[in-house]
Amino acid sequence: MMDPLYELRDVSKAYDGRTVIDIDSLTVNPGEVLAVVGPSGAGKSTLLRMLNFLEFPDSGTLTYRGQTVRPGEIPLPARREVTTVFQRPALLSTSVWRNIGYGLRLRGRRDSRAEVGSIIRRLGLESLALAQARTLSGGEAQRVALARATVLKPTVLLLDEPTANLDPYNVGLIEEVVREMNEEAGLTVVLVTHNVFQARRLAHRVALLLSGKVAECAGTQAFFESPQDPRTAAFVNGEMVY
Amino acid sequence: MDAIWAGLQQGIRLLFSGDPAFWEIILLSAQVSGIALVISAALGVPLGALLGLMRFPGRRAIQAVVYTGMGFPPVVVGLAVYLLLSRNGILGSANLAWVPDLFTVPAMIVAQVIIATPLVVGYTMSAVSDVDPNLRLQLRSLGATSWQATWAILHEARHGVLVALVGGFGSIISEVGAVTMVGGNIEHSTRVVTTAIVLETRRGNLNMAIGLGMVMLGMAFLINLAVTQLHGKGQ
């Protein structure tokens, strides 16, 4: 059994006195796809920002590769092993090509033509390579966001509702690339989604987050077919109103 | 009307005559306002970026000060600098080596820096605030350090920042009240275009006043053309 990549113990986080994360225990294992599902306001996006070291727990322990995560103490190389694709991509006002190469340029890569060209082809963006980012549709922009994240070959890819409001073509393409990178490169993925079908298609394990707490975390089949928590059953069956 | 027309013709002739007194005034104006703008940019762009990007206690109070500064009448700035630098003023009486004397070019630069800096801060803050607030977080998630993310956002807001600089320059090159009060309009020393126009008009020397006025109009046109172009590029 490999050591977990992330480990959360009694982690809490509050904004303006309102607790948004209150997790007793959660792990993310190397090479797995963990889906985090739950209603809006459950704390899913906050959890992802903590896993990307963009925010930090108020109390409890979050470890990455066994090292406790504290503000200002994450070495840059470790920080750069993790990247996020957000629900609404914010792109630089330049070409698609330069947007995709941004992270590589940050890492001092002068010539990134091969990697950028390869990911552009993989995500079907060839005809848009020289287009200005502001001219893209929502689905195209999200594919660029996925390209600029995956071109970095991260250890961990965090996906925050990456296919919300996208058409079936873009959803299929994005899911295919994520699955491929997980299976071929061993990419660890944490996927936040409202879409239980997507969680079922992609994830090895699923966690249900309710009011900042992990109600249940189990293998995908067990989560959907024999949930232990009645709230999980209600969520899976679409009975949970939110 | 004839006098104005004749003044206009002679003013145009003066423009191409290479008159040393005429060009000395124009070059001094460009020098004073150019140096003031560089100092204002060095102070104003980082402060504007900070106010546009960061949330911290006292930010609103600083913003209120900046907005007030943007509307400051230049003549009031001139009066304040005059009172500070005069021999009886707080700084003037202290005999400090770094404090400029009144009626010198450095005193005029100080006044213009005080006029231009709030404009540069305010416009930079506005330009930076207009950049998608999610961008910073997303660049950080791609591995940008705090400085790299800030630089990228300034780059995104570059057209607005350039407009801030051009606007700041326009406000000081065309200003007359403060430079008159702290510069004194001394020939071959502190006489700039705006103060010279006032003087020559009072003397009835309309040729010189119109010639200088045309240069000012030309500069104003070029500045506005630059702003328009930059706005167009930013769209």
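Predicted model: local features only at pLDDT ≥ 70, side-chain atom pairs only at ≥ 80, totals over all residues.
Residues are numbered from 1 along each chain as its sequence is written, and chains are lettered from A and ligands numbered from 1 in the order in which they are written.

- R65(A) is not a glycine, yet its phi is positive, near 50°.
- R65(A) sits in the loop between β4 (59-64) and β5 (67-68) of chain A; helices (H or I, at least four residues) and strands (E, at least two) are DSSP runs numbered from the N terminus.
- D16(A) is another non-glycine with a positive phi, about 50°, and you'll find it in the loop between β1 (6-15) and β2 (18-28) of chain A.
- D16(A) is exposed, with 5 other C-beta atoms within 10 Å.

**Chain B at a glance**

- Chain B has 11 helices and 0 strands.
- The C-alpha trace of chain B spans about 65 × 45 × 25 Å along its principal axes.
- Of the 235 residues in chain B, 41% are buried.
- Among contacts in chain B with a separation of 6 or more, 76% come from residues 24 or more positions apart; a contact here means two C-beta atoms, placed from the backbone, within 7 Å.
- Helix α10 (residues 193-203) of chain B has V193(B), T194(B), T195(B), A196(B) and I197(B) as its buried residues.
- Just after α10(B) comes G204(B), with a positive phi of about 85°.

**How the helices of chain B pack**

- Helix α2 (residues 20-53) and helix α8 (residues 158-173) of chain B have axes that come within 9 Å and cross at roughly 140°; axes are lines fitted to C-alpha atoms, for helices over the stretch in contact, and angles run from 0 to 180 degrees between N-to-C directions.
- That makes α2(B) and α8(B) oblique to each other: angles under 35 degrees count as roughly parallel, over 145 as roughly antiparallel, 65 to 115 as roughly perpendicular and the rest as oblique.
- On the α2(B) side, the residues making this contact include S29(B), S33(B) and A36(B), and on the α8(B) side they include V161(B), L165(B) and G168(B).
- By class, the contact of α2(B) with α8(B) has 9 nonpolar, 4 polar and no charged residues; Ala, Val, Leu, Ile, Met, Phe, Trp, Tyr, Cys and Pro count as nonpolar, Asp, Glu, Lys and Arg as charged, and the others, Gly among them, as polar.
- Helix α6 (residues 133-141) and helix α7 (residues 146-156) of chain B pack at about 135°, with their axes 9 Å apart, and are therefore oblique too.
- In that pair, L135(B), R136(B), L139(B) and R140(B) of α6(B) meet A149(B), A152(B), I153(B) and E156(B) of α7(B).
- The contact of α6(B) with α7(B) has 5 nonpolar, no polar and 3 charged residues.
- The axes of α2(B) and α5(B) come within 6 Å and cross at roughly 35°.

**The nonpolar core**

- The largest nonpolar core has 131 residues, and A35(A), V36(A), L191(A), A111(B) and V182(B) touch the most other members; such a core is a set of buried Ala, Val, Leu, Ile, Met, Phe, Trp, Tyr and Cys residues joined through C-beta atoms within 7 Å.
- Helix α5 (residues 105-129) of chain B gives the most to this core, with 16 residues.
- Leaving out residues up to four places away in sequence, A35(A) touches L191(A), T193(A), A199(A), L202(A), A203(A) and V206(A).

**Where chain A meets chain B**

- The contact takes 18 residues from chain A and 14 residues from chain B.
- On the chain A side, the elements giving two or more residues are α2 (76-79), β6 (82-85), α3 (96-106) and α5 (138-150).
- The largest share of that side, 3 residues, comes from α3(A).
- By class, the side of chain A that touches chain B has 8 nonpolar, 5 polar and 5 charged residues.

Notes:
Buried ≥ 20, exposed ≤ 12 C-beta atoms within 10 Å, placed from the backbone.
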